[in-house]
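Subject: Structure for you to look at

Hello,

Here is the structure I said I would pass on. Please open it beside this email and follow along.

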Amino acid sequence: MKNKITLIFLITLAIGSFSLQAKAPSLFRNADKSEMNEWVDSVFTSLTPDERIGQLFVMTVKTGDWQADKNQLTKLIKKYKIGGVLFSHGLSEEQAQLTNYGQSISKVPLLITLDGEWGLSMRLKDTPRFPVNMMLGAIQDDRLIYEYGREVGRQCRRMGIHINFAPVLDVNSNPLNPVIGRRSFGEDPEMVARKAITYAKGLESAGIMAVAKHFPGHGDTSEDSHKTLPEVNLSKARLENCEILPFKRYIDAGLSGIMVGHLNIPALDNSTGLPTSLSPQICTELLQKKLGFKGIIFTDALAMKGASNQPSAALKSLIAGNDLALNPSNIASQINDIKDALKNGTISQDFIDEKCKKVLQYKFILGLSHYAPVETKNLINDLNSPEAELINRKLNAAAITLIKNQKHLIPYKDLANKSITLVTLGNPEKNEFFNTLQNYAPVSWFNISEKETKNIIEEKIRNIRRNNRVIIAVHTDKADRMLLREICNNKDNVSVVFFINPYQMASYKDVITNASAILLAYENTSLAQEYAAQVLFGGSPATGKIPVTLSGLCSRGTGELTQVIRLGYSIPEDAGLNSSLLSRVDSIIEDGISKKAFPGAQLLIARHGKIICDRAYGYFEYDKKHKIERSDIYDLASVSKAAGTLPAVMKAWETHHIALDKPLSHYIPQLKNSDKKEMTVREALYHETGMPAALNTTTMIMDPSSYQGVLIKRKRDSEYPIKITDDSYGNKNARIRSDLVARDSSTTYPVKLAHHFYGTTALHDSVMNRIYTIPLKSDKNYRYSCLNFILLQNAVENSTGQKIDSWLKDEIFSPLEAYHTTYRPGDHIALDKIAPTENDPFVRKQIMHSYVHDETACLLGGISGNAGLFSNAGDLAKLCQMWLNGGDYAGEQILSEKTVRLFLSSKSPNSRRGLGFDKPDMENPGNSPTCSEANAETVGHLGFTGTCFWIDPKEDLIYIFLCNRVNPCRTPNTLGDLNIRVKLFSEIYHSIIEPHK
């Protein structure tokens with residue numbers, strides 16, 4: 001045994017010193033050499049010979065049982081004087097506490113290492129889970145890889161970790177490799193080198209040592225070095241051009257650490273019979289001398305079967321050229337072997353001392369001369385920061401790969417009247433993939449299990465085939481191929497999304513051949529699912545390219561590019577906002593609910609085409625029986641003017657049905673001989689017609705012969721007991737006019753206006769006649785009027801020949817895919833999806849639920865230019881984004897860019913009003929409907945029921961708030977008193993961290 005070790009040592013000496021041309025790694029070059037040498041000398045001279053040996057060992061501690069781990073750590077430090085620790089798994093705070101404890105009892109600060117190929121979560125389950133390298137290999141923007149490395153470095157620093165055993169530089173050229181596979185960036189050596197170096201530079205920019213592995217290359221093996229010693233029978237030329245090339249590039253890039261794997265590579269060492277990790281030919285001759293590496297060399301874990309059967313493995317590894325022995329079996333025996341080698345002269349004390357000094361140098365470089373305990377306060381939040389989630393989202397988004405896309409099926413377009421179904425294989429629950437799909441369109445869901453009977457499966461397949469779009473999500477490599485083939489028979493409408501390792505797709509060759517679109521998401525994580533769904537609908541682009549070849553399916557580099565055509569979903573930082581915004585708006589809304597400003601609400605915030613907040617709060621009513629969901633719809637009240645009538649006018653102008661400066665009387669004959677004959681469309685949009693604010697429908701609809709005195713008084717008494725608002729009480733004897741409305745439906749009263757409230761066919765004309773003949777005010781100064789927009793509706797209908805609801809559906813809402821936006825929602829939407837508004841105890845005698853709250857719009861049948869539109873925040877966001885996009889959404893040019901530019905930019909010379917939109921009051925910010933921070937380009941509208949939307953083109957920003965603050969009564973207006981809509985808008989501006997360019 002002694003002779004064999006002596007021979008190895010002599011081989012090492014014979015090799016001589018490595019190239020003088022080799023440069024030290026960047027971390028070493030950038031260190032203050034004078035301060036480093038002073039610290040190293042001071043520590044080194046204080047060490048006993050045993051302590052110097054101990055510095056060359058990094059040992060694993062299996063976290064999980066605190067006391068057992070503490071005892072193990074104490075023994076390793078006190079008895080064996082180890083230089084470093086590798087924690088294998090556990091929770092962040094537990095590891096931080098162990099780190100602090102270990103450092104507190106160690107004479108020399110410990111190197112804390114991590115085996116974190118996809119971040120801390122590979123070992124610490126309460127930390128961000130980043131993608132594996134195979135997924136990263138699909139990313140085309142290497143700047144993201146650098147950001148990722150830097151973020152992992154930040155997290156390591158926060159955890160008191162100094163070294164990460166990453167990146168993997170193995171070129172996975174063997175699809176059957178049982179141990180590397182998805183841990184590799186791919187099969188192209190140059191790409192692997194580029195990705196790994198970029199990641200490592202990001203890591204080291206944060207002060208964390210990168211350790212590339214598994215030198216000289218574990219990618220083309222069919223055996224696992226954890227279980228045996230894999231043999232790599234490749235030529236030297238092949239090894240140099242493929243396996244070794246990434247390591248050469250890494251060394252030339254000035255990076256600091258390399259880990260040597262346990263392999264048998266005859267072409268590189270056919271004389272010693274040792275694993276590469278113990279071979280001087282590999283660790284010194286090749287790695288240090290030929291390739292010029294001057295950084296720290298680690299062995300792979302010596303307890304692995306690839307090395308553990310070697311006697312004196314740690315001693316051999318040091319003689320071979322390694323600097324640190326990682327986790328050998330039986331450390332006591334390994335240390336004794338080194339001591340024996342010192343005694344018998346196999347190695348010298350100088351040999352140990354030089355290695356010890358080198359380890360101490362890197363301890364100084366990595367900051368251990370100024371060690372501070374890990375701060376456990378806010379540790380979990382700091383690790384799981386918004387910045388960490390942002391880079392994680394960017395990585396997942398950029399990796400999604402569209403392998404096949406016949407007839408440009410992806411992203412989906414023209415979804416009006418299309419049915420979509422999702423079939424999941426290998427995941428029995430509705431997951432993030434399904435939830436994200438639902439953000440874009442109604443999607444039915446089928447889960448097919450092999451345990452189901454043949455008849456049930458066949459019936460499901462028949463139902464699936466009836467849909468216009470079929471999405472198959474494959475969450476396991478064990479999914480039934482026969483089922484997939486059956487579903488894919490109709491090739492024109494099937495998209496298959498794989499959430500598995502790309503190599504596992506090989507067995508789905510026939511499925512891939514039959515499907516129209518194939519999307520590869522690489523992993524079955526929540527973020528991979530979310531972004532795969534966004535790619536299908538165009539909320540995120542497909543930019544990835546597969547980093548490996550799938551024989552018979554596709555070659556490396558395959559990946560079609562797609563564009564963003566719809567709103568995406570992300571976090572505030574992805575849109576240049578601060579995530580603290582979310583807690584602040586939550587607090588404002590929750591305060592409003594607690595003070596009964598409204599029972600529930602929806603809030604949506606989007607910027608740069610990304611929805612960063614889409615939340616539902618509270619309940620339909622204060623009884624808290626029905627929780628608000630994001631898909632529920634609200635009565636928009638006067639937001640209907642800008643979200644309904646205005647886009648109808650915009651389209652009518654664009655199609656030359658309406659001219660802005662023509663009189664309304666040109667389109668409404670009833671106005672030609674009236675005092676309104678000169679009013680123009682533009683004046684109506686600006687509210688500068690002289691029209692009064694509204695009709696008094698209460699006096700119109702109540703029969704004056706049924707009561708004496710006034711109809712409504714400001715104080716309650718025995719004759720006026722019916723509370724309408726806090727300061728209005730109705731006459732108890734008043735009855736509705738039987739010539740206009742009735743409580744029951746009949747041929748005379750066929751028009752349903754509300755529950756048990758029906759109108760005659762003449763009612764609509766009676767209301768409109770009142771509007772046509774109502775006296776104008778004496779001037780045309782700005783006066784907000786619902787009647788202006790009722791006339792605009794009238795003009796659109798007369799000029800286009802279509803009712804406004806039909807015109808909007810065909811021209812705006814259907815191409816916009818605004819599925820939940822409609823008038824008279826009770827005709828086709830379930831009541832439990834519609835928020836109720838005010839209780840009308842006097843005229844309609846009911847809580848208005850699915851019927852328009854506004855009295856004039858109600859008498860007009862629920863479809864009116866001033867009110868009547870129902871929607872939710874998600875649908876309104878599509879409309880707003882369409883305007884921000886210059887009229888384009890979902891791949892459709894819904895309005896021309898010219899039209900949108902005109903209506904968004906126009907402003908009245910006489911008031912704050914825009915062309916159909918409301919705008920900030922820049923001269924009197926205190927009276928502005930927006931917040932004071934809103935700029936002059938901002939447009940939007942408020943609604944009486946507590947609704948609003950605002951668009952800021954300058955900041956590329958959308959803000960939508962919906963509530964039913966009038967439930968159960970319009971007074972008191974606590975929403976207005978608390979200024980909630982303004983406060984929310986203000987908070988959005990205050991959270992901007994990246995001004996829009």
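Below is what was found in it, region by region. Keep in mind that this is a predicted model.

Strand β2 (residues 84-87) runs parallel to β3 and is joined to it by three bridges. Within this pair, Gly-84 stands opposite Leu-111. To get from β2 to β3, the chain goes through helix α6 (residues 92-105), and this β-α-β crossover is right-handed. β3 also pairs with β4, again in the parallel sense, over two bridges. Here Thr-113 stands opposite Ile-163 of β4.

**Glu-117**

The side chain of Glu-117 makes a polar contact of 2.7 Å with the side chain of Arg-183. Leaving aside neighbours within four places in sequence, the residues in contact with Glu-117 include Met-122, Asn-133, Tyr-148, Phe-165 and Lys-213.

**Helix α8**

Tyr-148, one of those contacts of Glu-117, is also among the buried residues of α8. Helix α8 covers residues 142-158, which is 17 residues. At 1.5 Å a residue it should span 24 Å, and its end C-alpha atoms are 25 Å apart, so the two values agree.

The buried residues of α8 include Leu-144, Ile-145, Tyr-148, Val-152 and Cys-156. As a rule, an α-helix has 3.6 residues a turn, so residues three or four places apart point the same way. What do the buried residues of α8 pack against? They pack against β3, α7, β4 (163-164), α9 (189-205), α17 (379-383) and α18 (386-399). Just after α8, Gly-160 has a positive phi of about 75 degrees.

**Backbone details to check**

Two peptide bonds are cis. One joins Lys-213 and His-214, with omega of about 0 degrees; His-214 belongs to strand β5 (residues 209-215). Pro-411 sits in the loop between β9 (401-405) and β10 (420-425).

Ala-637 has a phi of about 55 degrees and lies in the loop between β18 (634-635) and α25 (639-654). Ala-637 is buried, with a relative accessible area of 6%. Glu-817 has a phi near 60 degrees. Its loop connects α30 (804-816) and β27 (822-823), and at 2% relative accessibility Glu-817 counts as buried.

**Leu-792**

Leu-792 is in helix α29 (residues 786-800). Leu-792 counts as buried because its relative accessibility is 1%. In sequence Leu-792 is 112 residues from Thr-680, while in space the two are 9.8 Å apart, C-alpha to C-alpha. Leaving aside neighbours within four places in sequence, Leu-792 is in contact with Thr-645, Val-649, Leu-664, Val-681, Ala-684 and Leu-685.

**A sheet of six strands**

What is the order of the strands in the open sheet of six? The order is β15-β17-β16-β35-β34-β33, and the pairing is mixed. The edge strands are β15 (568-569) and β33 (939-943), each of which pairs on one side only. Strands of a sheet pair through backbone hydrogen bonds, either parallel or antiparallel.

β33 and β34 (residues 947-952) are antiparallel, with five bridges between them. In this pair, His-941 has Phe-949 of β34 as its bridge partner. Helix α24 (residues 580-594) packs on the sheet and touches β16 (600-607), β17 (610-618) and β35 (957-963). The direction of α24 makes about 25 degrees with that of β17. Helix α35 (residues 980-990) packs on the sheet too, touching β16, β33, β34 and β35. The direction of α35 makes about 155 degrees with that of β35.

Regards

Technical notes
Residues are numbered from 1 along each chain as its sequence is written. This is a predicted model: local features need pLDDT of at least 70, side-chain atom pairs count only at pLDDT 80 or more; totals for chains, interfaces and linings use all residues. Side-chain values use heavy atoms; hydrogens and water are left out. Helices (H or I, at least four residues) and strands (E, at least two) are DSSP runs, numbered from the N terminus. Buried means under 20% relative accessible area, exposed over 50%, partly exposed in between (1.4 Å probe, protein chains only). A polar contact is a pair of N or O atoms within 3.5 Å; within protein, one must be able to donate a hydrogen and the other to accept it, and residues adjacent in sequence count only if both atoms are side-chain atoms. Contact means heavy atoms within 4.5 Å. The expected span of a helix is 1.5 Å times one less than its number of residues. Two strands pair if DSSP finds at least two bridges between them. A crossover is right-handed if, with the strands pointing away from the viewer, the path from the first strand over the helix to the second runs clockwise. Axes are lines fitted to C-alpha atoms, for helices over the stretch in contact, and angles run from 0 to 180 degrees between N-to-C directions.
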